[in-house]
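Good morning, and thank you for the time. Please look at the structure now.

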Amino acid sequence: MEPHPPQNPPPPTGDEPGWPERPKNVRRLIALTIVLCVAAVAADLFYSKHGHYGFENITGFHALYGFFSYVGLVLIAGQLRKFLRREEDYYD
Amino acid sequence: MIENLPPGMILILGALLVPFLRGRVAGLYMLLLPVLGLAQLLALPDQYSLNLEFLGYELQPVRVDRLSRIFGIIFHLAAFLSVLYSLHVKDRIQQVSGLAYAGAGIGAVFAGDLITLFIYWELTAITSVFLIWASRTEKAHRAGLRYLVVQVLSGVLLLAGAIMHYEESGSLAFGHLGLGSTGTQLIFLGFGIKAAFPLLHNWLQDAYPQATPTGTVFLSAFTTKLSIYALARGYAGTDILIPIGAAMTAFPIFFAVLENDLRRVLAYSLNNQLGFMVVGVGIGTELALNGTAAHAFAHILYKALLFMTMGAVLHRTGTTKATDLGGLYKSMPWTTFFCLIGAASISAFPLFSGFVSKSMILTAAAEEHHLGAFLVLLFASAGVLHHSGIKIPFYGFFGHDRGLRTREAPLNMLLAMGCAAALCVGLGVWYEPLYALLPYAVDFEPYNVTHVVTQLQLLLFALAAFIFMYKVHLEPPEIRAIHLDTDWFYRRAGKRLALSLGASVQSLWAAVTGSALGVAGGLGAWVARVHRPGGPVGEPLPSGKSALWAALLLFAFLVLALLVSDI
């Protein structure tokens, strides 16, 4: 996998980094996501699930399914890129 | 008189007057057309139809029922929002073709027979291609031609199928068709092309990103949803649609992960959303068909909204490539905000429109025990979050700040985005009016604890997976590249095959003509040699010898005559 392109030099306008760009705020957003994730799974313990399939009623099933679907999707797509990638002017 | 026009005609005929109007009058007039059209549609009673006999065929140019009505309503809404969004465009070609295209799409959903459907079907193709060509680039010109060929082919299949179906059944009525005969199978294929079935899909991702910033907003609403309507009308409960639709939800998202052009990402995402609707048609129960209609309704709004935000970016910066964008939230805060609403809606977060429609289809799949399809749809729901929920807003408006500083979108664009965003949230919270429009009576409650919690788990953990993959550098980076899809077969392999076939025919022809010329030349040279003075027959013969030859010839003729005649 290729490394991410390096961050461009600061914008020519020289303005301050905005709220979503400050590392402290990024950490806050990540922390918020984690808290929400924990809360969403914990919520499973406080009601009786009415999934149509038995496996849907396992605590945190959708959480795991969402996480691994995403990871699988991204990893497989990364492998596909090796075969499918062409230059932008390929058809020109 | 206007109230007697078939639905859609107000827009089609009204479009023809647009070139004669100027300035604000033209703008107001164009906004008024979809409003008038919608008012006319709402005034038509349920089960209204217009029948006529033409050359001995029973045609039904207008048929209003609950299924056609909901598609008619959302098409009018989409037309209004698209016109509002493109109000600053002064290009007459785009103004006329956009309105006529919307009108053709509306006309098609009220077609009660296959011939009327065919006429509107082709009209959507012919009118919409100008929205692509209006970009006036070489790439757009070529993509438009490919688009037109595919769209017309879809119409030809529909017509051929309709004729065969008429021969077999004696009816041209557009009701339930099923896959029972070759004719209806051809129609199915024609619908499948326009619905962007897997392997027949690539015209969509090829053409839509080449249209003008405003043209793509029009395009995103009508063509594909018309074919979803047509499938729901003709092929509800056709089992094969379940695997087809499931595949449609899954495979385009891999391409959406890789694609650099964010409007093409949205085109792949559109394809994925169509898959949910196709599965709903395939399941075919009342709940599933309600889900398909509701999802089409919600989807047209949030997909148009997302294309609007990317169109605004393209309008202001000249690009929608992820590698060139980032940090635009500073210059375009309202567009960013609307994009986030569109992203939340397509991802189906509770309180947004996608949630109240998609959960119907998922519930229908589970209730009818389509476990495989259910799991694929669940996977695709997590995948939607990647490309439309995260990638579009993140790489477009946040991500790496490339130093792009521009202005907020024009006021009319902001108004259109604002209306669409309000509808996305409105339908998510106050969904009863939408449910009241659905084809069948609704016995479904989207907001129960299980639905809400499981959907939040799915989405929040997919979001957590994004953060994780981004942090460990496993998220595929945005790169300046294209990724091959099925259009390779006709843009590269087919082209090469055609060119090499042409070259072979040419060289074969050259060989044939070359050797024929050689033979003729040799023969000519031989005749010239034997006849030249001093050659074998060039010498003057003595009279005695001549007489002998003449006698011999005569003798030979006589013998021949004796042999062949019946004496």
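Chain B has a mean pLDDT of 93, and 98% of its residues reach 70 or more; pLDDT is the predictor's confidence in each residue, from 0 to 100. This is a predicted model, in which local features need pLDDT of at least 70 and side-chain atom pairs count only at pLDDT 80 or more, while totals for chains, interfaces and linings use all residues. Residues are numbered from 1 along each chain as its sequence is written, and chains are lettered from A and ligands numbered from 1 in the order in which they are written. The model scores ipTM 0.86 and pTM 0.89.

For chain A the average pLDDT is 83, and 84% of the residues score at least 70. Over residues 1–10 of chain A, pLDDT stays under 50, and the model has 13 contacts beyond four places in sequence for that stretch. Two residues are in contact if their C-beta atoms, placed from the backbone, lie within 7 Å.

Let me stay with chain A. Its secondary structure comes to two helices and one strand, in the order α-α-β along the sequence. Helices (H or I, at least four residues) and strands (E, at least two) are DSSP runs, numbered from the N terminus. Of the 92 residues of chain A, 16% count as buried. A residue is buried if 20 or more other C-beta atoms lie within 10 Å of its own, exposed if 12 or fewer, and partly exposed in between, with C-beta atoms placed from the backbone.

Is Ala42(A) buried or exposed? Ala42(A), found in helix H1 (residues 23–43) of chain A, is exposed, with 12 other C-beta atoms within 10 Å. The C-alpha atoms of Ala42(A) and Thr59(A) are separated by 8.4 Å, and these residues are 17 residues apart along the chain.

Strand S1 (residues 49–54) and strand S2 (residues 57–63) of chain B pair in the antiparallel sense over five bridges; two strands pair if DSSP finds at least two bridges between them. Leu52(B) has Leu59(B) in S2(B) as its bridge partner. Two residues lie between the strands of this hairpin, and Leu55(B) in the turn has a positive phi of about 50°. Of the six residues of S1(B), the number buried is zero, so S1(B) lies largely in the open.

Helix H21 (residues 543–564) of chain B also lies largely in the open, because the number buried among its 22 residues is zero.

Finally, the interface. Here 48 residues of chain B are in contact with 52 residues of chain A. Which element of chain B gives the most to the side that touches chain A? H19(B) does, with 17 residues. That side of chain B divides into 31 nonpolar, nine polar and eight charged residues. Ala, Val, Leu, Ile, Met, Phe, Trp, Tyr, Cys and Pro count as nonpolar, Asp, Glu, Lys and Arg as charged, and the others, Gly among them, as polar.

The 23 residues of H19(B) should span 33 Å, and its end C-alpha atoms are 32 Å apart, which agrees. Just after H19(B), His473(B) takes a positive phi of about 60°. Strand S1 (residues 85–86) of chain A pairs with S3(B) in the antiparallel sense over two bridges, and Arg86(A) stands opposite Ile482(B) there.

Notes
The expected span of a helix is 1.5 Å times one less than its number of residues.
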